[in-house]
Amino acid sequence: MSEDAVERYKRLVESIKNCTKCPLHLSRKNSVPGEGPLNADIMVVGEAPGRSEDEQGRPFVGAAGKLLDRLLKEAGLERGKVYITNVVKCRPPNNRDPKPEEITACLPYLLEQVRLVKPKVIIAVGRIAGSTLYKAAGLKWGGVRRERGKAVKARLAGIDVVIVSTYHPAAALYNPQLKEDLESDFKGHIRKAVEDALKGRAPKTLEDFIPLGPEPGGPKVGSRGYVEAGGEGEGSGGKGQGKA
Ligand code: URA
Ligand code: SF4
């Protein structure tokens, strides 16, 4: 992490703290920029701060955060080693979904975080995180149920990353089936993507990102088994790809 990057990061945090670019600033107690090592290989992106996060100015510190911490362990990760943030940095009233225009207003902050941290893997938790990241990378989002299980190559803010998606931990708090699915995702495709990245097996150069085929219409599988997101036609569910 160069000094320049640290300076840029500090400026970014200040901008987020003082931001008035969308109406969410009106009801927040604290904006929640994110936290974690700036040289993290893994980034977690959630939806938006909830009540506890708004009070403390820190991401994922409430009940969903406790579950996230446990899930990260299933993937062989420690919370302290990943960079954690959200799509929008201020709490929507009553935890409603962030509106498209709020996401658009806030997205430059997330993209700058990606540029500075340069993660190898981004774990998108929930529909809002997954759909926003895919869209920002020019990929077609097929819904959490279709996208979970995939490790998707993406170029985001000029950075080559692998995006893995799953459900949101908050949704699983009162839904045992979802919680089981989340656990199997963190033990399965997420853990694998993380291990590949940390072994240096994740695609790193532009050539690594040129899909090698196979057929038009189906999910394009690169040389290392990474799936292209949003392939047109029936194959785009990517069945079996990376599933545990
Ligand atoms: N849910 C989120 O999406 N983010 C948080 O930081 C906390 C709960
Ligand atoms: Fe600014 Fe994002 Fe907060 Fe909206 S949600 S006020 S864009 S920091």
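1. A definition to start with: the expected span of a helix is 1.5 Å times one less than its number of residues. Helix 5 counts 18 residues, and the distance from its first C-alpha to its last is 25 Å, close to the expected 26 Å.

2. Do look at Cys106, though. Helix 5 bends there by about 40 degrees, with a proline, Pro108, following within four residues. Just past the end of helix 5, Lys118 has a positive phi of about 50 degrees.

3. Which residues of helix 5 are buried? They are Glu102, Ile103, Cys106, Tyr109, Leu110, Gln113, Val114, Leu116 and Val117.

4. Now to ligand 2, which has 14 residues around it; Cys19, Cys22, His25, Cys90 and Cys106 come nearest. Two elements, helix 2 (24-27) and helix 5 (100-117), each give two or more residues to this shell. Helix 5 contributes the most, with three residues. By class, the shell is made up of eight nonpolar, three polar and three charged residues.

5. A friendly word on confidence. The average pLDDT of the protein is 87, and 82% of the residues score at least 70. Two stretches deserve a flag: residues 207-225 stay under 50, with 31 contacts beyond four places in sequence in the model. Residues 230-244 are also below 50, and this stretch has 39 contacts beyond near neighbours in sequence. Where pLDDT is low, predicted coordinates should not be read in detail.

Note on methods. Residues numbered from 1 in each chain as written. Chains lettered and ligands numbered in written order. Predicted model: local features only at pLDDT ≥ 70, side-chain atom pairs only at ≥ 80, totals over all residues. Near = placed C-beta within 6 Å. Nonpolar A, V, L, I, M, F, W, Y, C, P; charged D, E, K, R; others polar. Bend = angle between axes of the 7 residues up to and from the residue. Buried ≥ 20, exposed ≤ 12 C-beta atoms within 10 Å, placed from the backbone. pLDDT = per-residue confidence, 0-100. Contact = placed C-beta atoms within 7 Å.
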